[in-house]
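Welcome! Take a moment to look over the structure below, and then we can walk through it together.

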Amino acid sequence: MHSPSLWQALHQRRYLHSGWPWRCALYFLTSVPLGAALLACLLVLALAGSLLTVVLVGVPLLLTLVLFGLPVAHVERRRLRLIDPAVPLADAHQDPPRTGPAAWLRIRLQERATWRELGYALLFGCLLWPVEAAIIGTVLGVSGGLISTPLVMATAGGGEEARVIKLWLVHSYPAAFAVALAGLLLLPLLAYPLGLLAVGRAQLTRLLLDVSPHQDDVRVKELSRSRMRLVTAFEAERRRIERDLHDGAQQRLVSLSMRLGLARLDAREEPLAGLLAQAHDEAQAALVELRELIQGIHPRVLTDRGLAAAIEDIADRSPVPVDLDLDLPHRFLEAVESAVYFAVCEALANVAKHSRATRATVEARVDQGQLVVRVRDNGVGGADEADGTGLEGVADRISVLGGHLLVSSPSGGPTVFRLLVPCTPAPDRRLDAPPAR
């Protein structure tokens, strides 16, 4: 696919009067110093890393060489906007599952994007920038040499003769000005091949730095949509079960408990009175357990009043005191609210069971299209997703929504759970909506 804006501009009459020729020239001009500096850095890292590997000092240098494509690709994505601003080239890297340099380094070395970017850096530093230097040098050298002929005659030739781009001589000012006029006429003609070369250069950059071909993008999008449909169906089924238990089994238990209580009042003789009292107590205990089960399946406060109220309810029931800092101005999709709610439940449950903390903090806000939730405690730390504490399940559930769970829990504390979930407002779900029935 061609770079849309520049390719279309080349077919329009106003191309020469637009800023596109200058943008193309600026793109190639900036390639020359960047490429030369890149080549020098690559050579220094490769030579120094190879020579010093014996004393282990070269290992970090070689590792830096492997990762050098990351900043190069970042600069190239921004520089590509000069000639291809219509479709910005997205960063193909993933967020690490955990905080810290070790987790970041591990995921970068495992990503295909890292190695493709290294290949692009090597190609750019060794081949592309000399070619681009020759291109821009030819355009500016030929047209600039022709245009500057009268000036060269006046300064270098003493007003008698001047050599035109080292090819032929002119011996009079009329001839010099005619050559300069030819250079002015040639300059716009050279702007078209310069634009075509810029289109090809943009296409090459996209081909090397975009690690997701169109077919894979379609499959990933379809997979994401199917996963989202499964999550939505799962949440609908949870709500159906919660509604059936609330309106069916719970109401029958309430009725049974009331009848047992009335029968207990009428029965004064043993052993019937004792048996009725025992049955009444068991019915009350079963009713309490059923209410807790319904609350665990899908809390009514989350459905009726939204995520902020549900988090406040969790904090009120937590055995560890919890400070809240919530800024959630609107409702979200049911799947998002439910996943975040149960993630916060799991985080606070771990605080109460494992952290030996005396206080916890829950922060939630919307930042640049993401729902950011942070749970922090002052405990002893040491939480691990692989220890069976439920964090792995939370991470899987959040990842289905395109989000991430980041855990920082050094030994000695503090422990910080950070949720990042892409979200969009749900305009049909108001914060002041009446309770669902």
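Helices, of at least four residues, and strands, of at least two, are DSSP runs numbered from the N terminus. By that count, the protein chain of this predicted model has 14 helices and 7 strands. Here are some totals to keep at hand.

| Property of the protein chain | Value |
|---|---|
| Buried share of the 437 residues | 37% |
| Share joining residues at least 24 apart, among contacts between residues at least 6 apart in sequence | 69% |

Which residues of helix H14 are buried? In H14, which spans residues 391-400, they are Leu391, Val394, Ala395 and Ile398. Seen down the axis of H14, these buried residues fall within an arc of 100°, so they line one face of the helix. Their cover includes helix H13 (334-355) as well as strands E6 (404-408) and E7 (415-422). After H14 comes Gly402, with a positive phi near 85°.

Helix H13 is worth a stop of its own, and Val336 lies in it. Is Val336 buried or exposed? Its relative accessible area is 4%, so Val336 is buried, the cut-off being under 20%. Leaving aside residues up to four places away in sequence, Val336 touches Leu371, Leu401, Val421, Pro422 and Cys423. Take Val421 from that list: Val336 and Val421 are 85 residues apart along the chain, yet their C-alpha atoms are separated by 7.6 Å.

Note on methods
Residues numbered from 1 in each chain as written. Predicted model: local features only at pLDDT ≥ 70, side-chain atom pairs only at ≥ 80, totals over all residues. Heavy atoms only, no water. Buried < 20%, exposed > 50% of the residue type's maximum accessible area, 1.4 Å probe, protein only. Arc of directions from axis to C-beta. Contact = heavy atoms within 4.5 Å.
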